[in-house]
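Keep the structure in view as you read.

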Amino acid sequence: MTTDTTVPPRNSGRGSYRVLVQRRQLTLLGLGLALLGSICVDLALGPSNYPLDQVIMALVAPDSVSLQVRVVLWEIRMPIALMAVIVGAALSVAGAQMQTILNNPLASPFTLGISAGASFGAALALAFGVMFIPAAIEYVVPLNAFIMAMLAALLIHVISMQRGVTVQTIVLLGIALVFSFNALVALVQFFATQQALSAVVFWTMGSLTKATWPKFWIAFTVLLIIIPMFVRRAWALSAMRLGDAKAESFGVKIARLRLETMILVSVLAAIPVSFVGTIGFVGLVGPHIARMVIGEDQRFFLPAAALSGALILSASSVVSKMLIPGTVIPIGIVTSLVGIPFFIFLILNSQRRAW
């Protein structure tokens, strides 16, 4: 009787890991190419549609197209198309890290009340001219929205620090804030004039039509500053997906990491929302798509979440122009129509599988 004592090659595990890494890199490349294609289609669509080859020529060699096409694409459509990318990436990354630190699949800037707080701040400015920072008249609406969004995040953090508060309680608190701020916005609408009411309703629907180059650069700068901070914490954030106890055994300071991450995601979510209005479900759907195609490793999950959110909002911008020719539907409506079925799917499946 002989016993098989064959030892598997030492580098077999290393080879399998290399294949996994390559597969993830190809997935990120695919998401990036899909996003690039969506941006080109977004630029091509509008009151005057342009062929894709003309759009590409305007991007790579602007002098090869007419002045009219160059102005339309670069000065009017490009800020809107790129703002969709930045806002989608920011909301998706914010939602991804909220889900990570709270260990809850339903956590996002929309479901935790940050977006609703921004809506209330903007409604006060649009309906009654309330200015939290009187000196900044030009940006009064986004500044009001940003301040109220940060106050909502601060309230969530203060209550989360109380003894006995669990992550489930924080999510329930966020949902309560959503309803509270929505009620306040409805109250503002009730007392607003007809003109102000129209402005408030349009803002709460979410729209990219007022995107400008200065607003884009502000949102882009915020994203560029915060993303590397998450990259530096990639290992600790990945460990948190194993549970607080396991992460602490690895030396991760849970309370400090959760506080730092909550502050960062609040800023990351509040800035874009303050410029484009309430856009729901991107911060919820984007991270789950990234998680399904990449996994939990933050080194790949973080860029996948950013690309997924950017692709969702860019594609939604395309759809908003195609549903009714000649009319741009507010993008918040499109994202909600896509996100609500996905939200219901998460609720129905949250009890069937371990998240």
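In which hand, left or right, does α4 pass α7? The crossing is right-handed. Bear in mind that this is a predicted model.

Start with this pair. Helix α7 covers residues 194–205. Its axis comes within 9 Å of the axis of α4, and the two cross at roughly 155°. Angles over 145 degrees count as roughly antiparallel. That makes α4 roughly antiparallel to α7. From α4, the contact uses Ala-118, Ser-119, Ala-122, Ala-123, Leu-126 and Ala-127. From α7 come Ala-196, Ala-199, Val-200, Trp-203 and Thr-204. By class, the contact of α4 with α7 has 9 nonpolar residues, 2 polar and no charged.

An α-helix has 3.6 residues a turn, so residues three or four places apart point the same way.

Of the 15 residues of α4, 13 are buried, so the helix is largely enclosed by the rest of the structure. Gly-129 follows α4, and its phi is positive, near 75°.

Now move to α3, residues 67–102. Two packed helices are described by the angle between their axes and the distance between the axes. Both values are at hand for two partners of α3.

Take α11 as one partner. It covers residues 254–276. The axes of α3 and α11 lie 9 Å apart, at an angle of about 150°. The two helices are therefore roughly antiparallel to each other. Their crossing is left-handed. On the α3 side, the contact is made by Met-83, Val-87, Ala-90, Leu-91, Val-93, Ala-94, Gln-97, Met-98 and Ile-101. On the α11 side, it is made by Arg-258, Thr-261, Met-262, Val-265, Leu-268, Ala-269, Pro-272, Val-273 and Val-276. Sorted by class, the contact of α3 with α11 holds 15 nonpolar, 2 polar and 1 charged residues.

The other partner is α12, residues 282–293. Here the packing angle is about 75°, and the axes of α3 and α12 are 7 Å apart. That makes α3 roughly perpendicular to α12. Gly-88, Leu-91, Ser-92, Gly-95, Ala-96 and Gln-99 are the α3 residues in this contact. They meet Val-282, Gly-283, Leu-284, Gly-286, Pro-287, His-288 and Arg-291 of α12. The contact of α3 with α12 divides into 5 nonpolar, 7 polar and 1 charged residues.

How many of the 12 residues of α12 are buried? The count is 9, and α12 is mostly covered. Among the buried residues are Val-285 and Ala-290. The length of α12 also fits. At 1.5 Å a residue, its 12 residues should span 16 Å, and its end C-alpha atoms are 17 Å apart, which agrees.

Next, look at the chain around these helices. Between α11 and α12 there is a loop, and Phe-281 sits in it. Phi of Phe-281 is positive, near 75°, in a residue other than glycine. Phe-281 counts as buried because its relative accessibility is 10%. Just after α12, Gly-295 has a positive phi of about 110°. Another loop runs between α3 and α4, and Asn-103 is found there. Asn-103 is not a glycine either, yet its phi is positive, about 55°. At 36% relative accessibility, Asn-103 counts as partly exposed.

Ser-317 belongs to helix α13, residues 298–322. Its relative accessibility is 3%, so Ser-317 counts as buried. Beyond its neighbours within four places in sequence, Ser-317 is in contact with Asp-42, Leu-208 and Ile-331.

Gln-54 lies in helix α2, residues 52–60. With a relative accessible area of 25%, Gln-54 is partly exposed. Not counting residues up to four places away in sequence, Gln-54 touches Val-65 and Val-69. Gln-54 and Pro-330 are 276 residues apart along the chain, and their C-alpha atoms are separated by 27 Å.

Terms used:
Residues numbered from 1 in each chain as written. Predicted model: local features only at pLDDT ≥ 70, side-chain atom pairs only at ≥ 80, totals over all residues. Heavy atoms only, no water. Axes fitted to C-alpha atoms, helices over the stretch in contact; angles between N-to-C directions. Helix = DSSP H or I, 4+ residues; strand = E, 2+ residues; numbered from the N terminus. Parallel < 35°, antiparallel > 145°, perpendicular 65-115°, else oblique. Contact = heavy atoms within 4.5 Å. Nonpolar A, V, L, I, M, F, W, Y, C, P; charged D, E, K, R; others polar. Expected span 1.5 Å × (residues − 1). Buried < 20%, exposed > 50% of the residue type's maximum accessible area, 1.4 Å probe, protein only. Left-handed = near helix turned anticlockwise from the far one by under 90°.
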